[in-house]
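Dear colleague,

Please read the notes with the model open beside them.

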Amino acid sequence: MSSDSSTSGGDPSSNTTTTITSVSPEKSSPSPLSPPVQIPISWPPNASLSLNWIQDLISAFDWSSRNLSPFDFHSVLPVQVFDALILTASKLLHKEPNCVTLEDFSPDSSVVVVGDVHGQLHDLIFLFKNAGFPDDNRFFVFNGDYVDRGAWGLETFLLLLAWKVFLPHRVYLLRGNHESKYCTSVYGFEKEVLAKYGDMGKHVYHKCLGCFEGLPLTSIIAQRVYTAHGGLFRSIPVTPLKRAKGKKNRRISLNSDTNSFSLGSLEELSKARRTVLDPPWEGSNLIPGDVLWSDPSMKPGLSPNKERGIGLLWGPDCTEEFLKKFQLKLIIRSHEGPDAREKRPGLAGMDEGYTIDHVVDSGKLITLFSAPDYPQFQAGKERYRNKGAYIVLRSPNFDEPEFHGFEAVAPRPQVNPYYDFEDVIDSDEELDLASMATAE
Ligand SMILES: [Mn+2]
C-alpha cells in the first residue's frame, strides 16, 4: 500500500485546520483462477456473523467480480444465504429511528463518514482497508447511494448489510435517493439483480426494495454533526380548515404556498413516514424526498429544486439557521458527484471527493462523495478522474473533519453496464415524474 502523504491546513475554502490525506491503491495483482475462499458462501450457524465471515465475503465478491460471469453470481451467494442476510438486516434497519444518533463514545472513538459509493465495490473494499474495518472504537456512517450506475451494486449493498448485522451499533447505513424503485429501474440496479439471480432475480430485487424502505434517513453524531444524503428539509405546516358541511372530521389542508417554505425541525423529521418505495414529491409526506434529494445553493433561502424535480435548494442562511437552532457544528451531505457539480456554477467541483460549500457563523456544510473515477460508465467525453474521499471525526468533539482522499482501484474489471448510460440523463438524475407516477 502506498504511504500516506499528509498536509495540514490544506482546506481550500476555510481557514480552519484540517488534515488531508491522499492515497492511491496498489495496482491489483492477477487473480487466481480458483476462489480464495470456499464458495458458495454459507450462512453461519445461529446467524452469528464473524469478522472472518465478512472477510470471506469480501474475498468471494472481489474474486467473482474478476473471474466469473455475473450470470454465475448465484453460485457464489446462494439465494438462501441472500434471504437470511437481507431478512436479518431489514429487521434491524426497520427498527431504527429516522434520525439515528451516535453517542456514548470512548476517548479512542472515531467515526468514519462515507458518501456515495454507486456500486464501485473495489473502491469500497479499498476504503475499508485504508480507513480500517469497523470495530469497537471505529464507527461508520454511510450517507446512501450504494447501488446504480456501477456494476457491483448488489455486492456493495450486501457487504454493507453484512457489516450492519455484525456490528449494528457501529455501522449505520442511511438511505440515498438511489435506494428507491424509480432510480434502480432507470440506473441499472434492477437489471443487475436480474442478471445475477436469473429466475430468482425478481424475488431478490423485491427483497432489496423492502430493505431500502427500512433504511434510516439521517444521523446525528456526538450532538454536533448532522449527516444525510441530500440534506435539509422543509417544515410541513398543517392548517386546520373549517368543518365542512355534513363532515364529521375537520379537514386538514396542507399549506401549499410555495413562498412560505420554512426549515423543518428534528422533531418533524422524526415523525416522517420513510417506508415508501419512492419518496413522494407532492402531498404531505415531503420530508423523506427533501432529505434524499435536496442540494445546497449559494442563493439564500429555500426554494423548489427545479433541476431535480423533487427536494429543495437551500442557501447559506438556512445552513446557519439549522446549525444554530439545533446547536450543531457540521452538516455532511453527499449526492453530488463530478458530473452534477459540472453543471452548478458557484459551487466547487468534486475533483477531490469533497467540497466545503457553506462556511457560516455556527459551522460548515460539506459535500462528501466516495466514488472515485465516477461514473464507471461514461459516454464519449473525457473522464472526470475525480478522487473519492471519506471523513474521519475524532473524539472528544467530532467536529473537526479529517479529509482522506483516494484514487480508484485500477484496473477496474471490465464488465458490461446494466443501463443505457449513453441515453440516460447524464447528470445525477432528474426525476421523470411522468414515468414515476406510472411505475407502481
Ligand atoms: Mn444521490
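Among contacts in the protein chain between residues at least 6 apart in sequence, those that join residues at least 24 apart make up 74%. Please bear in mind throughout that this is a predicted model. The protein chain has 440 residues, of which 44% count as buried, and its secondary structure comes to 12 helices and 18 strands.

The first point concerns a pair of helices. Helix α1, residues 51–67, packs with helix α4, residues 153–166, at an angle of about 175°, and their axes are 10 Å apart; because of that angle, α1 is roughly antiparallel to α4. On the α1 side the residues that meet the partner helix are I54, L57, I58, F61 and S65, while α4 brings E155, L159, A162, W163 and F166 to the contact. Sorted by type, the residues of this contact of α1 with α4 divide into eight nonpolar, one polar and one charged.

L85 itself is found in helix α2, and it counts as buried because it has 23 C-beta neighbours inside 10 Å, where 20 or more are required. W43 is 42 residues away from L85 in sequence, yet the two are 8.0 Å apart in space, C-alpha to C-alpha.

Next comes helix α6, which runs over residues 189–197 and whose buried residues are F189, E190, E192, V193, K196 and Y197. These residues cover an arc of only 160° around the axis, and they therefore lie on the same side of α6. The partners against which the buried residues of α6 pack are α2 (79–95), α4, α5 (181–186) and α7 (201–214). After α6 the chain continues with G198, which has a positive phi, near 50°.

Finally, there is one item from a record. An unreviewed UniProt entry carries the annotation "domain: Serine/threonine specific protein phosphatases" over residues 174–179. In the model the chain over residues 174–179 is 0% helix and 0% strand, and the C-alpha atoms at its ends are 10 Å apart.

Key:
Residues numbered from 1 in each chain as written. Predicted model: local features only at pLDDT ≥ 70, side-chain atom pairs only at ≥ 80, totals over all residues. Helix = DSSP H or I, 4+ residues; strand = E, 2+ residues; numbered from the N terminus. Buried ≥ 20, exposed ≤ 12 C-beta atoms within 10 Å, placed from the backbone. Contact = placed C-beta atoms within 7 Å. Axes fitted to C-alpha atoms, helices over the stretch in contact; angles between N-to-C directions. Parallel < 35°, antiparallel > 145°, perpendicular 65-115°, else oblique. Nonpolar A, V, L, I, M, F, W, Y, C, P; charged D, E, K, R; others polar. Arc of directions from axis to C-beta. UniProt positions renumbered as here; feature names shortened; annotations may be inferred.
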